[in-house]
Amino acid sequence: MPASPLTDAELDQALTELPDWRLRDGDLTASFTVGRGALPGFYAALAAAEDEAGHHARVTVMYTSVGLALNTHDAGGAVTAKDTALAATISRIAADHGGGAERS
Ligand SMILES: C[C@H](O)[C@H](O)[C@H]1CNC2=NC(N)=NC(=O)C2=N1
C-alpha cells in the first residue's frame, strides 16, 4: 500500500521531534557538517540504513557539508512517515559520526 502524505498537523508535530530537519521546497531536508575523515563511514552507515528501510535520501556533498532531502515518490513526492522515520535515523547516524546539524 502506498504511503500517504502527512497532514499539516502531522508534519508540524514531526518537525518538533526532528530538530535537525526543515521543510524546504516540499522536501524534508537537513544539512550536517561531517569531518572529511568521518565521511566514508557516515555514508556507508547511511546507505545501509536506507537499504534496510527501502527508502533513500537525495544526498549532496560539498567538502564537509552533507545535504539530505527526502520525499516519497509513490506519494507524489509528498513527505510521509517513511521520510520522518528515515530522517530520525539519519540524525542518529550523523551524531554517531560526529556530524553537527547546520541549521538555517
Ligand atoms: C522500489 C523501491 O522500493 C522504491 O523505488 C523506493 C526506493 N527508495 C525510495 N526513496 C524515496 N525517498 N522515496 C521513495 O518513494 C522510494 N521508493
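Tyr-63 sits in the loop between β3 (58-62) and β4 (65-70), where strands are DSSP runs of E with at least two residues and helices are runs of H or I with at least four, both numbered from the N terminus. This is a predicted model, in which local features need pLDDT of at least 70 and side-chain atom pairs count only at pLDDT 80 or more, while totals for chains, interfaces and linings use all residues. Residues are numbered from 1 along each chain as its sequence is written.

Tyr-63 has a positive phi although it is not a glycine, and Asp-25 likewise shows a positive value in a residue other than glycine. The table sets out both.

| Residue | Phi | Loop | C-beta atoms within 10 Å |
|---|---|---|---|
| Tyr-63 | about 55 degrees | β3 (58-62) to β4 (65-70) | 9, exposed |

Now for the whole chain: it has 3 helices and 5 strands, running α-β-β-α-β-β-α-β from the N terminus. Of its 104 residues, 28% count as buried. The C-alpha trace spans about 40 × 30 × 20 Å along its principal axes.

Finally, the ligand: which residues are around it? They are Gly-54, His-55, His-56, Leu-70, Asn-71, Thr-72, His-73 and Asp-74, each with its C-beta atom, placed from the backbone, within 6 Å of the ligand.

Notes
A residue is buried if 20 or more other C-beta atoms lie within 10 Å of its own, exposed if 12 or fewer, and partly exposed in between; C-beta atoms are placed from the backbone.
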